[in-house]
Amino acid sequence: MSGEMDVPDDREASTSKPLRLKRKLTPFLCQELLYEYAVGALDPQRTADIDEYLPSDRASQDALETIRRGLDYSERLAASEISPELMARLTGSENVGSITRRYADWYEWPKTVRWSFAALALSLLISGVAAVVPWGKLPSFFKKADSNTVVLVDIPGTTVATQDSETAKGADAAADDEAQAAAEMETSGDEHITGDEPAADLPPPAVASRPTAGPAVEPSPALAATEAGGAGSAPKEVRPKGFVYRAFMNVANVGEVTSDVVQQLESFGGEKAGEVPLGWRRGAGSYFHFTVPESNENKTLEMLRTYGPVRISKDPHPRLMPAGQVRFILWIEPQAGSEGTVGGADRELPVDSDGAASGAAGELPAGSDGAAGGQ
Amino acid sequence: MSVRAFRELCGRWGIAVITERQIRSVALFFFFAYLDEKAALRAMDTTVAALKSRLRAIDDPSEARVAVIEACAGQFNRDKKRIARGKLALTFESGWSLPDHFELAPWARFHKDASDEELLALLFARVLGSGETEIARALGISEGTARYRVGRAIRRMGAANKLAL
């Protein structure tokens, strides 16, 4: 502060160095010592000097009176009191800062409380993570997406996906894919035929690959997926709803039997279900894809047995037939050893007494399915 | 259990370790230094709360008095620009009282005329009852300077009282 000098401690000087000579007081020095004189802070020698000097200096007397008045007033000032209510309020006074400082100082907490809180926080953290993390979907997060797979149609209840051409080729040999390929073939109503040369009476392929517009043939999810995916696509998983009879016969005279079977089927109310006519000749064999009324199902089977043993299976199929209609796919081939044998159908399926073959009895030979592996 | 251990335990659990004498000193200091009851109440709340935290670690009574002076002076210096010198805004509704037949006019005159150093020195020395050594330590000055400030403040106080009479 301006005008304020660092005043040495006069009491310490006076006590450490006792003055032997009497110091003569001046009015200035006397007035400067008056406060300490008034409060009794001077050494006895200085006090005696002032006592001796004061009666001779009016200004010093007035100054001493002012100091005593000030001391008296300040003494009364200090006698002010505060009420117990205010004391209680201040005793419990807190502010945000003090509360925060007091409770935020982690190291001020007792160790037991600290460790308890740490354990509790850790438990809550682990529980929270365990509750939030979708454990069921976790593997899919780390599974790399297959760039060769494109989902074309997402139909509830069915999962249809297309595979690339390599996958389709690789799956040709697999038994599962044979069934899928068979299902795909039937989307057109007829089984696909493989051969070195097309038959003369085979309808154009473009027509044959289209779905049948007849009432017995309804577009299935598998068909939609196949059409959308184009060549090389195959349904991944189709839930079968209907069924189809697959029959295979070996006879000595294919031509005669074929014409007889066609006539009798027509008499039973049978109608072609695909694009090709009943008894369509392919190589040395004949192909029948037809529907008959359900009431004539047994008659049809009995009629077929009159020409020789019939290997038949009842396979599940996604296509549902109208009520009262059943669908057959029949191959009639020359007997083994004959010229122009198409498939190696050397297995016989057991036939029930009522003529209805069990679907679990076995699958048709690959050749009987129109050489599905040739897809 | 020793006093130190007891104070330490109280401090850990946030129990107030400030004494009633210290609270009274703080309250009177702010009432007389501010002459504004609302501002004084806010300032004393803040100061007492801060002192509770600070006094936890102080065991020596002399050190505690120094801490009280420092806290009061610090709060005053933060608020001094907002203090209207010499203007009374006291209602005495907050629960404090002056001695009988005590006139505040001399104090208001002194409050207006005195410097900050004189005002603080007088309040610390005569109202809080602190010694010059503690005042000097708290304010960072020599003991002689502290005594000089108190003497000058007493003279000014006496002069203001004489004028008021």
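Tutor: Let's start with a term: two residues are in contact if their C-beta atoms, placed from the backbone, lie within 7 Å. This is a predicted model, where local features need pLDDT of at least 70 and side-chain atom pairs count only at pLDDT 80 or more, while totals for chains, interfaces and linings use all residues. Residues are numbered from 1 along each chain as its sequence is written, with chains lettered from A and ligands numbered from 1 in the order in which they are written.

Student: Which residues of α6(A) and α2(B) meet?

Tutor: A:Leu86, A:Met87, A:Leu90 and A:Thr91 in α6(A) meet B:Glu20, B:Ile23 and B:Ala27 in α2(B). Five of the residues in this contact are nonpolar, one is polar and one is charged. Here Ala, Val, Leu, Ile, Met, Phe, Trp, Tyr, Cys and Pro count as nonpolar, Asp, Glu, Lys and Arg as charged, and the others, Gly among them, as polar.

Student: Why are α6(A) and α2(B) called roughly perpendicular?

Tutor: Helix α6 (residues 84-91) of chain A and α2(B) have axes that come within 10 Å and cross at roughly 100°. Angles of 65 to 115 degrees count as roughly perpendicular, so these two helices are roughly perpendicular to each other.

Student: What makes strand β7 of chain A largely enclosed?

Tutor: A residue is buried if 20 or more other C-beta atoms lie within 10 Å of its own, exposed if 12 or fewer, and partly exposed in between. Eight of the nine residues of β7(A), residues 285-293, are buried, so the strand is largely enclosed by the rest of the structure.

Student: How do you know that β5(A) and β7(A) pair?

Tutor: Pairing takes at least two bridges found by DSSP between the strands. Strand β5 (residues 271-272) of chain A is joined to β7(A) by two bridges, running antiparallel, and A:Lys272 has A:Phe290 as its bridge partner.

Student: Which other strands pair with β7(A), and over how many bridges?

Tutor: Strand β6 (residues 280-282) of chain A pairs with β7(A) over three bridges, in the antiparallel sense.

Student: Which residues touch the most other members of the largest nonpolar core?

Tutor: A nonpolar core is a set of buried Ala, Val, Leu, Ile, Met, Phe, Trp, Tyr and Cys residues joined through C-beta atoms within 7 Å. In this core of 68 residues, they are B:Ala27, B:Phe29, B:Phe30 and B:Leu123. Helix α2 (residues 20-34) of chain B gives the largest share, ten residues.

Note on methods
Helix = DSSP H or I, 4+ residues; strand = E, 2+ residues; numbered from the N terminus. Axes fitted to C-alpha atoms, helices over the stretch in contact; angles between N-to-C directions. Parallel < 35°, antiparallel > 145°, perpendicular 65-115°, else oblique.
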